[in-house]
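The structure is shown first.

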Amino acid sequence: MSKTAAIAVKQLEKAVTDAIKKAIENGALPQSEIPQFIIETPADRKNGDLATNAAMVGARAFKMPPFKIAGEIKNNLVLDNTFFTKCEIAGPGFINFFFAPSYYAGVLRDIENEGDSYGRSDFGKGKKVMVEFVSANPTGPMHMGNARGGALGDCLAAVLDASGYDVWREFYVNDAGNQIEKFACSLEARYLQIYKGDEIEFPEDGYQGEDITDLAKLYADENGDSLLKVDSETRKKALVDFALPKNINKMKSDMAKYRINYDKWFMESELHKSGQVQAVVDLLKEKGLTYEKDGALWYKNKEVLTNKLLAEGKSQKYIDNLELKDDVLIRQNGNPTYFTADIAYHKNKFDRGFETLIDVWGADHHGHVMRLKGAMDAIGYDGDSLDVVLMQLVKLMRNGELVRMSKRTGKAIQLGDLLEEVPVDSARFLFNTREANTPVDFDLDLAVTQDNQNPVYYVQYAHARICSIIKSLENDAITARACTDAELMMLRESEELELINHLAAYTDEIISAAKDYDPTRITRYVTQLATLFHKFYNACRVKGENEGLMQARLNLCIAVKTVIKNVLMMFNITCPDKM
RNA sequence: CCGCCUGUGGCGCAGUUGGAUAACGCAGCAGAUUCCGAUUCUGAAGAACGGGGGUUCAAAUCCCUUCAGGCGGGCCA
């Protein structure tokens, strides 16, 4: 909330507390502790601008009906020198408060003073947070799920940043391990097929996408058949060394196009090379959490999680039902599993000083969450400082029909394709209209439309409209100037006040989004802001009113413009002055 | 079988640390618009929150149960 709004809430807390104390002193209420009440914004503005449930939560303590308690509080309430004019008792015992004109003027002043930084707060107190998102496999092109993860992760990071966290964006590149081996075998088969045709069998679990064939062809075009003569290992290495950087660069350029700037692209191979993976294995061994079986090294996941869940108060039956299993750390063939590398990676993150780790994952990985957190606990870190945002699937729709995407057929809709078809503004905004945990049907037709059906367009339009209004007034030699409090207090139409209230809520909205790891509330917020602005402009005249009121309204327009712009800039969405 | 997620007007979706007449958009109906750019606004109609049971002064929100859909339960990631 704006500074003014924050002050208003504090004033109210104090006033209500004082009133209760006073009522106890003069005997209107029985002796008791002051109940824990809250100050909230009622859903319906008819119920005041702020309200408290103090009377209701006090019902038990005071052994009186809420309505009566509310009456006593009201009788002893002093609102002099606050941002409030009056209060009313309503419903089951709510006490509703109404803002004074000075409040609204204060909000507009806050926005004017803070400008670009209006909305930012120090809620996060500079705490170091890492948001790791997308982290697609470099074995093939990125898909729609990555598109959603990108928009969600980047905007989540933005919201945390605006809330005063020290945010770091990271992409984990799985450039090692099993899937790279699969990648290598796939490339090798495609390469050999160029020269030997179909007598070369393609590995059953290989990557079937056209991109693999293309990469093999590209290698052949540039380097010929020299790899026919060398042994398989050498051949695969040459192909991977050729193809992998190409894929990684493509991911980097796609992300850049998508306006996502990572602080770091972290290579999994570094973890292996530097011995960090081995170190984690050794650490787990030391803790007695491993054993050997069937030639593999296992991690006692079941034991760790059972203890953790029991400590959390889960029943033995619940735990039994989960059928927890142990996990392999080192395969029979001597290679560490993805899980092992992941433990090492998250340990590395903590060791770099991040206090909170946020991972954005596809929901199909949810089975991995608990065991990774458990493993972090097991090696002496706080698993609860690792938060995983799970993201449901994206379905691509065109003309109301599902657009199939399948990596296998090679005809998949890729992130690159999407960005060619859909404006980045649209993609970033639309993917942030649905919470991570709900499946999305991404409407391609909607995403490319340039009309009010497309929310990003609607919001941008509101901003452009304000710019246009300002310009039009300038043509009439009217320029915005700072207003006096008295002038700002001339704003008292309901459309004006509602609009200002919404402006005042911006900072809090960002903080809530940060707390919930849910940037999607901000797109809703700004859409609502655009609507409220249109309503205001429809109901109130700017030009032609007396000078003071005109200036006050012009100032209101500018405040709205500031906030819309701040939202769009925060999300890296363009904010055109005219459209 | 077990676990996680989802289920709100014709459609799309908010609201879920319990609270006051369940919010909004779209399509549809009826209107408005002497400041900018009709890519705007207003009004009426439409859901009792998948079903059932329970806790509570108060439940879309919590508990139990049931139905439907998605995902998961690899020496895949």
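The model is predicted.

## The surface near RNA strand B

Around RNA strand B there are 67 residues, and G91, N178, D294, G367 and N452 come nearest. Several elements give two or more residues to this surface: α2 (54-57), β4 (94-99), α7 (178-196), α13 (316-322), α15 (366-378), α19 (455-475) and α23 (520-539).

Which of these elements gives the most to the surface near RNA strand B? That is α19, with eight residues. Sorted by class, the surface near RNA strand B holds 29 polar, 22 nonpolar and 16 charged residues.

Helix α21 covers residues 494-504, and its buried residues are E496, L499, I500, H502, L503 and A504. In general, an α-helix has 3.6 residues a turn, so residues three or four places apart point the same way.

## Helices α22 and α23

Two packed helices are described by the angle between their axes and the distance between the axes. For α22 and α23 the angle is about 155° and the axes are 8 Å apart. Angles over 145 degrees count as roughly antiparallel, so α22 is roughly antiparallel to α23.

The crossing of α22 past α23 is right-handed. On the α22 side the contact is made by E509, I510, S512 and A513, and on the α23 side by R521, I522 and Y525. By class, this contact of α22 with α23 has four nonpolar, two charged and one polar residues.

## Helices α6 and α22

Helix α22 also packs with α6, which spans residues 144-162. How far apart are the axes of α6 and α22, and at what angle do the helices pack? The axes are 8 Å apart, and the angle is about 125°. The two helices are therefore oblique to each other.

Here α6 passes α22 in a left-handed crossing. The residues in contact are V159, L160 and A162 of α6 with I510, A513 and A514 of α22. By class, the contact of α6 with α22 has six nonpolar residues, no polar and no charged ones.

Methods. Residues are numbered from 1 along each chain as its sequence is written. Chains are lettered from A and ligands numbered from 1 in the order in which they are written. This is a predicted model: local features need pLDDT of at least 70, side-chain atom pairs count only at pLDDT 80 or more; totals for chains, interfaces and linings use all residues. A residue is near a molecule or strand if its C-beta atom, placed from the backbone, lies within 6 Å of it. Helices (H or I, at least four residues) and strands (E, at least two) are DSSP runs, numbered from the N terminus. Ala, Val, Leu, Ile, Met, Phe, Trp, Tyr, Cys and Pro count as nonpolar, Asp, Glu, Lys and Arg as charged, and the others, Gly among them, as polar. A residue is buried if 20 or more other C-beta atoms lie within 10 Å of its own, exposed if 12 or fewer, and partly exposed in between; C-beta atoms are placed from the backbone. Axes are lines fitted to C-alpha atoms, for helices over the stretch in contact, and angles run from 0 to 180 degrees between N-to-C directions. Angles under 35 degrees count as roughly parallel, over 145 as roughly antiparallel, 65 to 115 as roughly perpendicular and the rest as oblique. A crossing is left-handed if the near helix is turned anticlockwise from the far one by less than a right angle, and right-handed if clockwise. Two residues are in contact if their C-beta atoms, placed from the backbone, lie within 7 Å.
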